[in-house]
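Please walk through this structure with its aromatic side chains as the guide. Keep the sequence and the model side by side.

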Amino acid sequence: MIDFSFLNGLWIAFILTSFASFFVFFARQFKLLVMGASLALSGISLQFLDVDIFRISENGQIIVAGLWILFLFQIIAFKWILITKTKLHHSFFFLPFLAFVSMAISLDLLTFALGLSLFNITFTSLSALKGKPKEQIFIAIQKMMIAFLSYAYGMAILFSREGNILFNRLYPKLSKLEWDEWTTLGIGLIVLAIGIELYAIIPLIGKKNEKV
């Protein structure tokens with residue numbers, strides 16, 4: 001009975017996340033993007049919490065809280081970037097350094113996600129300052145949200161299979177090539193997320209007022 005309910009929870013999380021991710025992909029307004037991403041992240045959160053019940057732990061709850069904080073942080077920043085017409089304070093340029101440090105000293109996948117989020121905000125903000133069209137910035141934000149969801153779902157799969165997201169726990173097993181298809185899928189989604197991040201950022205690094 002426990003196994004049945006656990007697998008049902010994973011299927012519900014997968015269906016909810018998949019459906020909402022397509023909604024995010026085709027969104028053409030910021031509020032629709034936020035609604036779709038929130039629904040997808042709810043599905044991912046459900047998988048973390050379902051694993052918690054199965055493993056009788058609270059680690060998944062902490063990860064879920066961290067993911068939602070990062071999500072809200074990015075949404076607020078992106079909305080501000082899309083509507084603001086004021087220049088950024090000089091202290092803003094400390095963000096790239098903070099992002100790099102967060103990624104360099106990260107001990108787990110969640111801290112690494114913080115660094116990626118900071119880089120997202122940095123590049124979109126600098127693009128707005130350079131006069132990039134709002135439509136181009138929105139498309140970049142859309143890609144970044146898809147990357148964030150892919151990364152979060154990869155974390156959920158790894159947590160479901162390995163029981164943690166700590167680098168010092170994952171690396172010894174991965175270095176010995178001792179993983180199955182589910183672990184491979186989780187790693188693949190995280191690698192895909194990083195690829196989408198680069199795909200979103202590269203068009204923002206160009207000449208001023210480049211057309212979409």
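Does Phe25 count as buried, partly exposed or exposed, and at what relative accessibility? The model is a predicted one. In it, Phe25 has a relative accessibility of 48%, so it counts as partly exposed. The cut-off matters here, because exposed means over 50% and buried means under 20%.

Start from that residue. Phe25 belongs to helix α1, which covers residues 2-25. Look past the neighbours within four places in sequence, and Phe25 is in contact with Gln142 and Ile146. The C-alpha atoms of Phe25 and Met145 lie 8.9 Å apart in space, while 120 residues separate the two in sequence.

Now turn to the rings. A pair of aromatic rings is described by two values, the distance of the centres and the angle of the planes. This structure holds 5 aromatic pairs. One of them joins Phe25 and Phe26: the centres are 5.0 Å apart and the planes meet at 85°, so the pair is edge-to-face.

A second pair to inspect is Phe48 with Phe159. Their ring centres are 5.5 Å apart and their planes stand at 45°, so this pair is tilted. Phe48 sits in helix α2 (residues 30-55) and Phe159 in helix α6 (residues 134-162), so the pair ties together parts that are 111 residues apart in sequence. Are these two residues buried or exposed? Both Phe48 and Phe159 are buried.

Ring pairs can also join into a group. Trp68, Phe71 and Phe148 are linked by ring pairs into a cluster.

Next comes a charge and a ring. Which residue has its charged end over the ring of Tyr199? That residue is Lys143, and its charged end lies 4.0 Å from the ring centre.

Finish on the surface. Here Trp11, Phe14 and Ile15 make up a nonpolar patch. Together they have about 350 Å² of accessible area. Ile15 is part of helix α1. Its relative accessible area is 54%, so Ile15 is exposed. Helix α1 also holds Phe25, the partly exposed residue where this walk began.

Definitions and conventions: Residues are numbered from 1 along each chain as its sequence is written. This is a predicted model: local features need pLDDT of at least 70, side-chain atom pairs count only at pLDDT 80 or more; totals for chains, interfaces and linings use all residues. Side-chain values use heavy atoms; hydrogens and water are left out. Helices (H or I, at least four residues) and strands (E, at least two) are DSSP runs, numbered from the N terminus. Buried means under 20% relative accessible area, exposed over 50%, partly exposed in between (1.4 Å probe, protein chains only). Contact means heavy atoms within 4.5 Å. Rings of Phe, Tyr and Trp (its six-membered ring) pair if their centres lie within 6.5 Å; planes under 30 degrees apart count as stacked, over 60 as edge-to-face and the rest as tilted. A charge sits over a ring if NZ of Lys or CZ of Arg is within 6 Å of the ring centre and within 35 degrees of the ring normal. Patches are made of residues with over 30% relative accessible area and no salt bridge: like charges are joined within 9 Å, nonpolar side chains (Val, Leu, Ile, Met, Phe, Trp, Tyr) within 5 Å. Accessible areas come from the Shrake-Rupley method with a 1.4 Å probe; for residues, only the protein chains shown count as cover. A salt bridge is a side-chain nitrogen of Lys or Arg within 4 Å of a carboxyl oxygen of Asp or Glu.
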